[in-house]
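Biologist: Take me through the salt bridges in this one, please, pair by pair. I'd like to hear where each partner sits and how much of it the solvent can reach.

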Amino acid sequence: MPAHRLSRDEARRIAVQAQLLAAPRPTDLVAVVERLTHLQIDPTAAVAPSADLVLWSRLGPAYDPAALTRAVETDRTLVETVAYIRHPRDLAAVLAEVREAPAHPSVQQWLDRNEPFRRDILTLLAAKGPLLSRDIPDTSVVPWPSTGWTNNRNVTKMLEAMALRGQVAISGRKGRQRYWDVPHRVHPADLPLLDLDTAVRLRDERRLAALGIARSAGTQLPGESPFVGDAGEEAVVEGTPGTWRVDPAYLGLPFEGRTALLSPFDRLIHDRVRAEQLFDFEYVLEMYKPKAKRRWGYYALPVLHGDRLVGKLDAAADRKAGKLVVTAIHWDVPVDGDVVDAVRAEIDDLAAWLGLEVVEV
C-alpha cells in the first residue's frame with residue numbers, strides 16, 4: 001500500500017496521543033505502564049524520580065508513588081527488570097531478546113568462566129531468597145573486567161546479567177538497593193519461552209504502539225531502542241527526511257491537547273533526533289555539565305502544550321525547606337498569556353503533588 005502522507009502537526013499529535021499526553025488523562029496506573037511498555041528507573045530526584053514524574057504527567061494529582069511500589073512488590077501487576085519497570089505482558093519478549101541474542105564476546109567469556117559463581121547464586125537464592133546483593137558472597141572465578149565504576153562489583157554484575165536472561169528476578173527494594181530472588185517466586189507462572197525472531201517482532205509492535213510514529217532503524221544508543229523495524233505502516237512526514245513507521249490505530253483520531261511537564265527521560269523526547277524532526281525541540285540533559293555551561297538547568301523538565309514542546313522548566317525540589325524552587329522557564333517559541341497561565345498552573349499542580357510551595361528565584 002502507498003505510504004501515508006502526514007503533516008508534522010498530524011505526526012506530533014499521533015506521538016502525543018500514543019504517549020497518553022493528550023486530554024483526557026488516563027486513570028489507571030497499570031494500564032498506563034502497559035501502554036508505555038516501560039518506565040525508566042533513574043535515581044536522580046532533583047524534582048522527583050523519573051518513573052514518578054512520568055506517571056504524574058499522565059495521571060495527575062491522583063497518582064501516588066506508593067501505588068507503584070505496591071504494583072511491583074505486592075500485587076505483581078508490574079515487574080522490575082534491570083533499569084526499568086514493565087508490564088508483565090512484555091517480559092517474555094524482553095528476556096528472550098537478551099537470552100537468545102549473542103552476547104558481546106568479552107561479556108560471554110566472563111559469564112562462561114564464572115559459571116560456578118552463577119550456580120552458587122542460584123543455589124543461595126533458592127534456599128534463602130530474596131536477598132540484597134550485599135548478602136550474596138562473591139565467589140567469582142575472575143573479576144569483572146573494568147577499571148571504572150563497575151570495578152569490584154562482581155556480584156551486582158552477575159545478578160544483572162542473570163536478570164536480563166530471566167535466571168533471577170528483582171522482587172523489591174530497600175531504598176535504592178534491590179532484593180533478588182529466583183524467578184518463579186516473582187515472575188508470572190505462565191511466562192512463555194520465545195524465539196528471537198518472535199521476541200523482536202513483538203517488541204517492535206509494542207514499541208510502535210507506545211510511540212505512535214517512529215523510525216524503522218537508526219543509530220542505537222544505550223538503553224531502550226527507539227526503532228520499530230517493520231511494525232506498522234510506512235509514512236512520510238512533511239519537512240522530514242526519509243520514511244517513518246506509523247501505527248494505523250492513531251490515524252485520523254480527534255485530538256485534544258493539554259499541558260504537561262515531562263521527565264528528562266520521558267519517551268516523548270527520549271529520541272532526541274525524533275524530537276528535533278517532529279517538534280523542532282532541542283534537548284540535552286545537563287546534569288553532567290559544569291554549571292557555567294548549562295543553558296536550561298541541571299534537570300530541566302520539557303514543557304508540552306497541546307502538540308508542541310514549547311520550553312524547559314528549570315526547577316528543583318528543596319524538601320527540607322518545603323519549596324519547589326523555580327529558577328526559570330526557558331521558552332523555545334513565542335507564547336501568549338494563555339500558554340504562560342497553563343504552564344504556571346501545571347507548575348502549581350506539580351508543587352501541590354510534591355507537598356511543596358512554589359518559590360521563584
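Modeller: Let's start with Glu357, which is partly exposed, its relative accessible area being 47%. Keep in mind that this is a predicted model. Lys323 also falls in the partly exposed class, at 26%. The two side chains, Glu357 and Lys323, come together in a salt bridge, with 3.1 Å from N to O.

Next up is Arg13, whose salt bridge partner is Asp307; the closest N and O atoms are 2.9 Å apart. Here, too, distant parts of the chain are linked, since Arg13 is in helix α1 while Asp307 is in the loop between β12 (301-305) and β13 (308-318), 294 residues apart. As for accessibility, Arg13 is partly exposed at 36%. Asp307 comes out at 10%, and because buried means under 20%, Asp307 counts as buried.

Now for a local pair. Arg12 has a salt bridge to Asp9, and there the closest N and O atoms are 2.2 Å apart. Both Arg12 and Asp9 sit in helix α1 (residues 8-18), three residues apart, or about one turn of the helix. Arg12 is buried, with a relative accessibility of 5%, whereas Asp9 is partly exposed, at 37%.

Arg86, Glu97, Arg203, Asp204, Arg207 and Glu224 are joined up in a network of salt bridges. For the overall tally, the structure holds 24 salt bridges.

Beyond its neighbours within four places in sequence, His38 is in contact with Val33, Tyr84, Ile85, Arg86, Glu224 and Arg267. Arg86 and Glu224 are both members of the salt bridge network. His38 itself lies in strand β2 (residues 38-40) and is buried, with 5% relative accessible area. Its side chain also makes a polar contact of 3.2 Å with the side chain of Thr37.

Definitions and conventions: Residues numbered from 1 in each chain as written. Predicted model: local features only at pLDDT ≥ 70, side-chain atom pairs only at ≥ 80, totals over all residues. Heavy atoms only, no water. Salt bridge = Lys/Arg side-chain N within 4 Å of Asp/Glu carboxyl O. Helix = DSSP H or I, 4+ residues; strand = E, 2+ residues; numbered from the N terminus. Buried < 20%, exposed > 50% of the residue type's maximum accessible area, 1.4 Å probe, protein only. Polar contact = N/O pair within 3.5 Å; in protein donor to acceptor, adjacent residues only side chain to side chain. Contact = heavy atoms within 4.5 Å.
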